[in-house]
Every structure is written in C-alpha cells, then in structure tokens.
Amino acid sequence: MSSYTSPIREPLVTGHKTYHQITEDLVSPTEKAPNGAWILGFLISVSLLAFGLFCIAWTIWHGIGTWNLNRTIGWGWDITNFVWWIGIGHAGTLISAILLLFRQKWRTGVNRAAEAMTIFAVLCAALFPGIHVGRAWVVFYFFPYPNTRGPLWPNFNSPLLWDLFAISTYFTVSLLFWYTGLVPDFATVRDRAKGLRRKIYNFLSFGWTGSAKHWQRWESISLVLAGIATPLVLSVHTIVSFDFATSVIPGWHTTIFPPYFVAGAIFSGFAMVLTLMIITRKILNLQDYITLAHIESMNKVILVTGTIVGVAYLTELFIAWYSGYVYEQFAFFNRALGPYWWSYFGMMFCNVLSPQIFWWKKFRRNIALTFFISIVINIGMWFERFVIIATTLARDYLPSSWSYYTPTWVEIGIFTGTIGLFFTLYLLFTRVAPVVAIAEIKSILKSSGDQYTGPNAIHHHDHGHSHASHEDDHHAHEGVSHTEESSKVVNKPLMTVVKDDLKKLEGIGPKISETLNAAGIMSFEELMNTPTETLQSILDNASGNFGGNSPESWPEQAKLAFEGKWDELKDLQDRLDGGKY
Amino acid sequence: MANHKDIVYGLYNDEEELLKAVKVAGDKHIDIMDVYTPFPIHGLDPLLGLSESRLHIGGFVYGALGTLTAFLGMSWMLAKDWPVIFGGKPHWSVPAFIPITFELTVLFASIGMVVTFYIINGLGPGVVNPTIDLRITDDKFCIAFDTASTDKASAESFLRSTGAFEVNSKTI
C-alpha cells in the first residue's frame with residue numbers, strides 16, 4: 001500500500017511530524033499545568049456561570065414575571081438564545097459526519113473540538129425551553145410515560161414536542177459519536193500516564209487495545225453513525241424551524257424556514273468553530289494541525305452558507321411583496337423599518353455583507369480578520385433570531401396590544417450564564433482530552449503531511465522508508481536498544497528506488513509520466529540527466545500519440561525540481577508554453 | 001482473562017512494513033494472533049483474513065426497532081389509549097408522527113450500535129486489558145503470536161526477517 005498524495009491539495013499537517021511527535025504535541029496539553037491565560041479564562045467563565053445559575057434560581061423562585069415578556073411578546077431572549085445555541089451546535093456534527101461522508105480530510109484537524117462544542121452548545125440550548133416553561137420542576141411532563149393524569153399522553157402532533165425528541169436525540173447521538181472517537185485517544189493518553197492518572201484514563205479509554213478487529217469495527221461504526229447523523233443534523237434545525245413555521249403568525253409561517261434555518265445553523269456553527277479554533281491553536285500551539293488550509297476551508301463554508309442565508313432573507317422579502325397578503329407585507333416592513341430596525345440592519349450587515357469579503361483568498365487566509373468576522377457572525381446570527389422572534393411578535397394583528405420589549409437583568413444574566421457554561425466546559429475539555437483527534441491525524445499523515453505532499457515535501461522513496469532516518473534518530477534518542485543494530489540491517493532497502501511525481505513538470509501528463517517510468521526514468525534526478533534526444537526517442541517509440549509534446553525543457557525543469565527550487569520552477573513554467581520554450 | 005497466554009510479539013516502525021510482514025505471514029501460513037496499531041490501517045483486514053464487520057446490520061435492526069416503537073407507540077397512545085382531538089385533526093394523524101419516528105429510528109440505531117460495539121469488543125468502563133507494549137498507542141505497529149498455536153522460534157525468526165526492530169515475549 002502506498003498512500004495517495006494529491007499533487008494539488010495543501011498539506012494538512014505541517015512541520016514534518018512523525019507519529020511520535022503527533023502524540024507528543026497533542027497529548028502534552030493534558031499533561032502540563034494550565035497556563036495563566038487558561039486560568040484567567042476559566043475564572044471568568046465560572047463567574048459568568050455562577051451568576052447565570054443565580055439568575056435561573058431567581059427565575060424559578062419568583063417566576064417568569066422576572067423577565068420582561070408580556071402578553072404580546074411571549075418569546076424573547078429565552079427562545080432567541082435557545083435557537084442561537086442550537087444553531088451553533090450544528091457545525092460539530094456537520095464537520096464530523098457530513099465531511100466524513102465526503103471524505104474531506106481537513107475535518108480531522110477540527111472535528112474533535114467541533115463535536116465537543118456541539119455537545120456543550122446543545123446543553124446550553126436545552127436549558128432555555130426547560131426554564132421558559134415556567135414550572136421547571138414539572139418539565140418531565142413532556143415525556144410520554146404511563147402517568148396518573150389519565151394516562152394522558154403528550155401531544156405528538158406538536159412541533160414543540162418534536163423539538164424535544166429531536167434535541168435529545170441529537171445530544172445523545174453527538175455524545176456517543178464523540179466519545180467513541182475519543183476512546184483510542186484516551187488509550188494513547190493512558191499509555192503515557194502513571195499512577196492514578198493512568199487508572200483514570202484506563203477507565204475513560206474502556207480498556208482499548210488497538211487490535212485490528214477493534215479498529216475495523218471502530219471505522220465501521222464511525223461511518224454508519226456519520227451516515228445517520230447526517231439526516232439527523234439536518235432534521236434538528238428543520239424541526240426547530242417548525243416551531244415557527246407551523247404557527248399562523250405572519251413572518252413565521254413560511255415554507256422557506258427549514259432550509260433557511262439549516263443554512264443559518266451551519267453558518268453560525270462554523271463561525272463559532274472558527275472563534276474557538278483560532279484561540280485554541282494559538283494557546284495550545286496547534287498551528288501545525290489546524291493550519292491556514294483548515295481556516296480557509298471553513299471560511300469557504302462560511303461564505304457559501306452566509307450567502308444562502310442572504311438569499312433566504314431576500315426571498316422572504318420578495319415573497320411577502322409577491323403574496324399580496326397585507327399582514328405578511330406589514331410584518332416584513334415592520335422588521336426592516338419598525339421599532340427594531342437596528343436589529344434588522346445589524347443582521348443584514350453581519351450575516352450577508354460581512355462574509356462576502358471571503359471571496360478573496362487573501363482574506364480567507366488572514367487569521368486576525370477571520371477571527372473578527374467570526375465574532376461579527378456570531379452576533380449577527382443572534383440578531384437574526386431576535387428579529388424573527390421579538391420584532392415579529394411586537395406588532396401583532398391588534399394595534400392596541402402592540403408592545404416593545406427589552407430584557408431584564410435576569411434574562412441577560414441567564415444568557416451570559418450559558419456563555420459561561422459553554423466556555424467552562426470547553427476549557428475543561430482542553431485539559432482532559434486531546435483537542436485534535438490523534439489517531440485520525442496519524443491516519444492522514446502519509447497522504448496529507450507536508451513531508452509527503454506540497455512544496456516542502458522531501459523526496460520520498462516509494463516503499464515508505466522515507467522517514468527511516470527520522471525513526472532511527474527517535475530511537476537513538478529514547479535509548480532503545482540492542483535490537484537497533486539488527487533492525488538497521490533489515491530495514492536498509494537493497495536498492496533505493498526514488499520515485500517522484502513527474503507530472504509536476506509542465507508538459508508531462510499522466511500518460512507521458514507512465515511512459516517515462518516504463519523507460520526507467522522515475523525521479524527528477526534521472527530525468528535531468530537524460531538528454532533531450534533520448535527523451536524524444538522514448539516518446540517516439542512509445543505507443544500513443546505524443547506528437548505535440550516536446551521534451552526540450554524537461555531536463556531543466558527536472559533539475560530545478562530535484563534541487564527543490566520550486567519558486568524558480570514556477571517562474572520557468574510561467575514562461576513556458578506547454579513545456580516548450 | 002482467566003487464561004494466560006504466552007505471546008511473542010514484534011514491533012515495526014511503519015505501517016507499510018507491517019502490511020508487508022502480514023502478507024508474508026499469510027503466504028507462509030503463519031498464524032498471527034492479532035495485530036495492534038495506533039490507528040486504523042487500510043488494507044490490513046483482507047490480509048489478516050478478517051471478514052467485514054456486521055455492525056451495520058445490527059444498526060439496521062436497531063433502527064427498525066426504533067421506527068416501530070415510535071410509530072406504533074404514538075399510534076396506540078393518541079388513537080387508541082386516550083384519543084384527544086388536537087386542532088380538528090384525525091386521531092391517527094400519520095404525517096405528524098413522521099418527525100418523532102425518524103428521531104427515534106436514529107436514536108435506537110445509534111445507541112444499539114454503540115453498545116453492541118463495546119460489548120463485542122470486550123470494552124467498557126472499568127475494563128482492564130493486558131498491555132502488550134505502551135508504544136502501540138503511540139507510534140509502533142505490533143504483530144503478536146500465541147505460542148500455543150505458533151512455534152516460538154519460528155515466530156521470532158519471522159518477525160526479525162520481516163523488519164521488526166524489537167522482538168519480545170510476554171505472558172498476558
């Protein structure tokens with residue numbers, strides 16, 4: 001088996017990592033004492049969480065009257081925050097499930113953290129329906145169980161109940177998926193640990209051994225879970241949108257809601273992943289694993305989903321006008337130009353306009369700018385939910401009951417409390433578990449590591465002996481051992497066959513590359529030492545028509561490639577025309 | 001682990017060396033006990049003669065169970081056990097049951113598969129499996145032989161001849 005390396009894709013693991021170095025880099029954050037930034041962040045998060053818990057207790061003790069909801073505006077910050085958090089919770093499963101099905105290797109750098117984020121965000125979201133029902137202590141009435149009320153069953157026709165099932169299923173499946181992915185990595189942490197720490201991680205790793213059959217089943221279950229989590233993630237926000245779309249409120253009962261909500265959820269989820277990953281890669285020194293290529297890929301998703309959301313906003317406006325239905329028209333007129341005009345324009349600016357700068361590659365690869373835009377999008381997506389919920393309700397059918405709504409300190413406290421909860425859990429996660437999936441990074445190393453692909457690749461021998469020297473260094477370093485000598489003898493290949501990708505040279509395609517290989521020209525070195533006349537005769541004698549191809553520039557190109565002068569090669573290729581001077 | 005096994009194992013530096021060694025063992029009909037690796041190696045299963053995992057069939061069965069539970073459950077509760085009129089709709093309003101039926105299908109399939117996965121692998125909270133070598137979860141690739149079924153000397157010479165940089169024996 002030789003790994004396939006793509007000639008055009010950017011490396012996803014940089015720094016010429018060995019397997020051992022990957023383990024070192026990714027496990028060490030869980031082994032070292034936390035640094036000052038972590039402690040400060042943790043203290044702030046826990047303080048916010050503590051105040052949030054106080055506000056929840058206050059709400060339960062005094063009742064929902066401590067919020068500024070009124071007869072007209074029955075859903076305010078509570079449901080806005082709920083939908084916002086649920087939306088954020090969509091990126092994790094999207095990255096780990098949908099991108100797994102699409103075989104997108106860049107997911108390996110970010111899936112672990114994104115899934116953790118999903119789980120924590122869903123926890124924050126689930127809090128809001130729980131307390132906004134008012135009597136949180138009877139919230140179990142939602143569940144169908146044989147009861148003393150008849151038995152009277154919950155209303156399975158209601159989207160609010162569908163929501164309960166969707167969110168609890170989503171939470172459970174995400175947790176199982178995430179944990180099953182973590183088990184092998186916990187085993188890696190375990191095998192480096194001693195004493196109590198080893199016992200704890202043995203418990204967490206479920207006694208994982210790395211047996212071939214276990215890996216086979218592990219891959220099978222990952223794939224099937226990804227397959228069923230994909231429709232699941234799409235169903236969750238669809239059902240959240242049904243909470244609105246099945247009502248008879250103008251501005252809510254629109255059929256565009258499910259796709260529009262799902263796109264918005266992915267959009268906001270990726271924004272939050274970017275916010276978190278840009279901080280995490282910096283603080284935990286993971287720039288080699290979460291590279292600019294990862295950030296650029298996520299920015300592309302942001303651009304696509306942000307634009308879909310923009311189209312949805314405009315479609316809503318158009319359909320309101322086109323429907324000829326005055327209440328719908330008024331709802332949208334009121335959203336844009338009514339008392340909450342500022343939140344509508346905030347939403348439009350943050351969600352539709354700001355991501356458009358990612359059409360330019362330069363901006364997609366700018367970390368500071370990406371971080372800033374990701375925060376802007378997080379705010380914008382909160383505005384979106386506020387616009388849909390509060391501004392729509394504020395102007396109902398009956399002008400005498402029109403109202404305006406601002407949150408109380410209790411509502412603000414609960415919201416900031418969920419932010420505290422989210423970051424408390426995330427910060428704990430970075431201390432306990434490897435933030436990047438170790439086993440998955442190792443499994444893509446040979447196809448996406450920068451020593452195998454891209455401009456920094458070292459010439460590699462086609463049987464994977466390329467890092468024999470690395471490995472030898474590593475063992476010498478560890479002081480292993482008497483078998484070293486014998487292994488060197490065995491390891492040394494009798495004849496080193498260097499095989500380069502000749503297609504990197506202009507004028508050489510897959511067919512010619514095969515022809516040259518068949519004639520014994522495997523590497524750039526061999527090609528540069530072959531006279532042009534010989535090359536021409538190889539082409540002439542080969543089956544197939546290479547009449548249009550001239551090898552005159554190939555030795556010169558091969559020389560530059562052999563010497564690793566990729567920039568000069570590129571300049572030369574810019575000047576060449578189909579490989580001809 | 002009531003029965004102790006005496007094993008001989010070799011460690012390799014690279015998965016491609018491991019794959020070649022496993023292939024040689026297959027050609028020579030040497031009976032490998034197990035292979036341990038830090039990450040899944042593609043192409044290893046056929047060489048070891050492992051049949052395809054049947055977990056996904058289990059997933060289908062659990063999912064079907066979820067579909068039936070949800071659909072029949074809701075139908076019985078709302079149409080038979082305690083019929084209530086909601087919004088003038090029929091008691092047995094099938095389209096409204098679709099979302100929850102879907103969710104429970106996914107839920108049952110996931111939980112069922114994951115629990116099955118841990119049970120058939122003999123893994124779970126508190127399970128302590130014998131450690132063959134601490135480096136297997138880091139960067140080494142291991143082939144292990146059970147000396148009960150494979151001659152120790154021939155296993156050792158096989159491991160050395162196929163490029164194992166370290167050959168040890170152990171009782172697990």
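What follows is a chat about a predicted model with chains A and B.

Colleague: Hi! Before I get going, what sort of model is this?

Modeller: Hi! This is a predicted model.

Colleague: Good to know. How many residues does each chain put into the contact?

Modeller: Chain A brings 76 residues to the contact and chain B brings 75 residues.

Colleague: And how much area do chain A and chain B bury between them?

Modeller: About 6500 Å² is buried between the two chains, and 62% of that is on carbon and sulfur atoms.

Colleague: What about polar contacts and salt bridges across the interface?

Modeller: For polar contacts, the rule finds 26 residue pairs across the interface of chain A and chain B, with both residues at pLDDT 80 or more. Helices 1, 6, 7, 8, 16, 17 and 18 of chain A each supply at least two residues of the side that touches chain B. Helix 8 of chain A gives the most to that side, with 17 residues. As for salt bridges, the rule finds two across the interface. One of them pairs E15(B) with K446(A), at 3.5 Å from N to O.

Colleague: How does the side of chain A that touches chain B split by class?

Modeller: That side of chain A has 33 nonpolar, 32 polar and eleven charged residues.

Colleague: Pick one for me. What does R107(A) pair with?

Modeller: R107(A) forms a salt bridge with E440(A), and their closest N and O atoms are 2.9 Å apart. R107(A) sits in helix 5 and E440(A) in helix 16 of chain A, so the pair ties together parts 333 residues apart in sequence.

Colleague: Is R107(A) buried or exposed? And E440(A), buried or exposed?

Modeller: R107(A) is buried, at a relative accessible area of 8%. E440(A) is buried as well, with 16%.

Colleague: Nice. What about K361(A)?

Modeller: The side chain of K361(A) meets that of E296(A) in a salt bridge, 3.7 Å from N to O. K361(A) belongs to helix 13 and E296(A) to helix 10 of chain A, so this pair ties together parts 65 residues apart in sequence. K361(A) is partly exposed, with a relative accessible area of 47%, whereas E296(A) counts as buried at 5% relative accessibility.

Colleague: Which residues are linked with those two in a network of salt bridges?

Modeller: E10(A), R364(A) and R365(A) are linked with E296(A) and K361(A) in a network of salt bridges.

Colleague: And in chain B, what does R135(B) meet?

Modeller: R135(B) meets E166(B) in a salt bridge, at 2.9 Å from N to O. R135(B) lies in the loop between helix 4 and strand 3 of chain B and E166(B) in strand 4, so the pair ties together parts 31 residues apart in sequence. R135(B) and E166(B) are both buried.

Colleague: Now T418(A). Where does it lie, and what is it in contact with?

Modeller: T418(A) lies in helix 15 of chain A, which covers residues 409-432. T418(A) is buried, with a relative accessible area of 1%. Leaving aside neighbours within four places in sequence, T418(A) is in contact with W85(A), C124(A), L127(A) and F128(A).

Colleague: Last one: how is chain A divided into domains?

Modeller: Domain 1 takes in 19-145 + 153-446, and domain 2 takes in 502-575. The centres of these two domains of chain A, taken over C-alpha atoms, are separated by 51 Å.

Terms used. Residues numbered from 1 in each chain as written. Chains lettered and ligands numbered in written order. Predicted model: local features only at pLDDT ≥ 70, side-chain atom pairs only at ≥ 80, totals over all residues. Heavy atoms only, no water. Contact = heavy atoms within 4.5 Å. Buried area = accessible area lost by both parts, 1.4 Å probe. Salt bridge = Lys/Arg side-chain N within 4 Å of Asp/Glu carboxyl O. Polar contact = N/O pair within 3.5 Å; in protein donor to acceptor, adjacent residues only side chain to side chain. Helix = DSSP H or I, 4+ residues; strand = E, 2+ residues; numbered from the N terminus. Nonpolar A, V, L, I, M, F, W, Y, C, P; charged D, E, K, R; others polar. Buried < 20%, exposed > 50% of the residue type's maximum accessible area, 1.4 Å probe, protein only. Domains from an automatic or database assignment.
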